[in-house]
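Have the viewer open as you read.

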Amino acid sequence: MRAWPAPAVPSLPGRGLPLRVQDAATGERRPIAVGPVARLYVCGITPYDATHVGHAATYVAFDLLQRVWRDAGHEVHYVQNITDVDDPLLARAEETGEDWRSLAEREIALFRDDMAALRVLPPRDYVAVTEVVPAVAELIERLRERGAAYEVDRDIYFPVSADPRFGSVSRLATDEMIKVFADRGGDPDRPGKKDPLDSLLWRSARPGEPAWDAPAGAGRPGWHVECTAIALERLGMAFDVLGGGADLAFPHHEMSASQAHAATGRWPFARAYVHAGMVGLDGAKMSKSQGNLVFVSRLREGGVDPMAMRLALLAHHYRDDWEWTQAGLDAAADQLHRWRAAVTLPEGPPADDVLADVRRRLADDLDAPGALRAVDRWCESARLGRGGDPGAPQLMRAAVDALLGIAL
């Protein structure tokens, strides 16, 4: 699958710092021990509707992570999937009378445009599930051979008992797992399952649904195993970061990790599990099911500068839950105007210490709000005519672009 074009990233003097992030599996903020190539997997969209600002907040957060790694001298192998065959997509296609493939193609194209406008660095591998069904089917066969799969009315399930470490990613109690599983696409009450938390690996063919031939019989993949298969094929075990929204910690990341552990006999699936907070609107989490969405494309069509949108997202720490407001967007637009005015001045205060401060803050669990405050202070000093370094405005322009993704 074709990703979106990559924005140019300016070179900066010196080198960035090693990154520390909050690992959901340990509850600790710790360094990520990456080699020359940092490996990142971020779960992608199910393309049945347009990109909302909650999506954008997640992908901007992991864009920051990429930029910090690159600034520290790492090559980044970034993989993102597209769940382009799944129940919500098929249901939306049935509601609208549109072919599910056409619906997916249109929304994927819109997502690409939104990510390019927000200057999000694209993945090296942008992988649609429909492109890798044979790899998913092969992984399911490996699980069956290891006794880590069983059948319920021709559907294939993964028994969570196959992974002794099941539960170590989300660290939830069993009762809470069952409740969340039911709320997020699971089927804990299905008769015939060995455990309420066992998850679907392969859905046997139903009339009117897309299906592929496989050793398990005609059908299509379950949700979690898709990401397991793609990550194993493209990154291997023990890649550096598995990322996504906080609502993916359970069941999605938990199940994907357990399936990988059971299929390979190795641990860990990822070295760190990093989750972005939820963005709300009018007191509720922004989601397609709730219908309380602010779409990136509609903001762009309404004349909102994508860089103002990005600043509005960066104003909140990536792990925090927060609410999108017009006031927040207006404040970001004003901030963008001040920054652009400051970097067009003929001179400004020396910027080396500001660059170092931005690097320190981003390396400490992607503290974007702290980085924005550092830039704000420099811009205010420049406006007041303090300092006389003619190279400082250009260095600040490059630093804000390279590290924060804001084109001034």
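## Helix H3 and its cap

Asp99 caps the N-terminal end of H3, with a side-chain oxygen 2.9 Å from the backbone nitrogen of Arg101. Such a polar contact is a pair of N or O atoms within 3.5 Å; within protein, one must be able to donate a hydrogen and the other to accept it, and residues adjacent in sequence count only if both atoms are side-chain atoms. The model is a predicted one, in which local features need pLDDT of at least 70 and side-chain atom pairs count only at pLDDT 80 or more, while totals for chains, interfaces and linings use all residues. Residues are numbered from 1 along each chain as its sequence is written, and side-chain values use heavy atoms, with hydrogens and water left out.

Helices (H or I, at least four residues) and strands (E, at least two) are DSSP runs, numbered from the N terminus. H3 covers residues 100-117, and at 1.5 Å a residue its 18 residues should span 26 Å, which agrees with the 26 Å between its end C-alpha atoms. The expected span here is 1.5 Å times one less than the number of residues.

## Which way H3 faces

Which residues of H3 are buried? They are Trp100, Leu103, Ala104, Glu107, Ile108, Phe111, Arg112, Asp114 and Met115. These residues cover an arc of only 165 degrees around the axis, so they sit on the same side of H3. The arc is that of the directions from the helix axis to the C-beta atoms, and buried means under 20% relative accessible area, with exposed over 50% and partly exposed in between (1.4 Å probe, protein chains only).

What do the buried residues of H3 pack against? Their partners are helix H1 (53-71), strand E4 (75-82), helix H2 (87-96), strand E5 (125-128) and helix H8 (296-301). A contact here means heavy atoms within 4.5 Å.

Helix H13 (residues 392-404) has 13 residues, which at 1.5 Å each should span 18 Å; its end C-alpha atoms are 17 Å apart, which agrees. H13 is mostly covered, with 11 of its 13 residues buried. Among them are Pro393, Leu395, Met396, Val400, Asp401 and Leu404. The buried residues of H13 pack against H1, helix H9 (306-314), helix H10 (326-343), helix H11 (352-363) and helix H12 (368-383). Just after H13, Gly405 takes a positive phi of about 75 degrees.

H9 is largely enclosed by the rest of the structure, because eight of its nine residues are buried. The buried set includes Met307, Met309, Arg310 and Leu314.

Strand E1 (residues 20-23) and strand E2 (residues 28-31) pair in the antiparallel sense over four bridges; two strands pair if DSSP finds at least two bridges between them. Val21 has Arg30 of E2 as its bridge partner. Four residues lie between the strands of this hairpin, where Gly27 takes a positive phi near 70 degrees.

A disulfide is a pair of cysteine sulfur atoms within 2.5 Å, and by this rule the count comes to zero. Cys43 is in no disulfide, and the nearest cysteine sulfur, that of Cys227, is 4.0 Å away. That distance is too far for a bond. Cys43 counts as buried at 6% relative accessibility, and Cys227 is buried too, with a relative accessible area of 3%.

## Backbone spots worth a look

Most residues other than glycine have a negative phi, and most peptide bonds are trans. Arg119, in the loop between H3 and E5, has a positive phi of about 60 degrees although it is not a glycine. Arg119 is buried, with a relative accessible area of 12%. Asp153 also has a positive phi without being a glycine, at about 50 degrees. The loop holding Asp153 runs between strand E6 (150-152) and strand E7 (155-158), and at 60% relative accessibility Asp153 counts as exposed.

Where are the cis peptide bonds to look at? One runs from Phe250 to Pro251, with omega near 10 degrees, and Pro251 is placed in helix H7 (residues 249-264). Another joins Trp267 and Pro268, with omega about 5 degrees; Pro268 is found in the loop between H7 and strand E11 (270-276).
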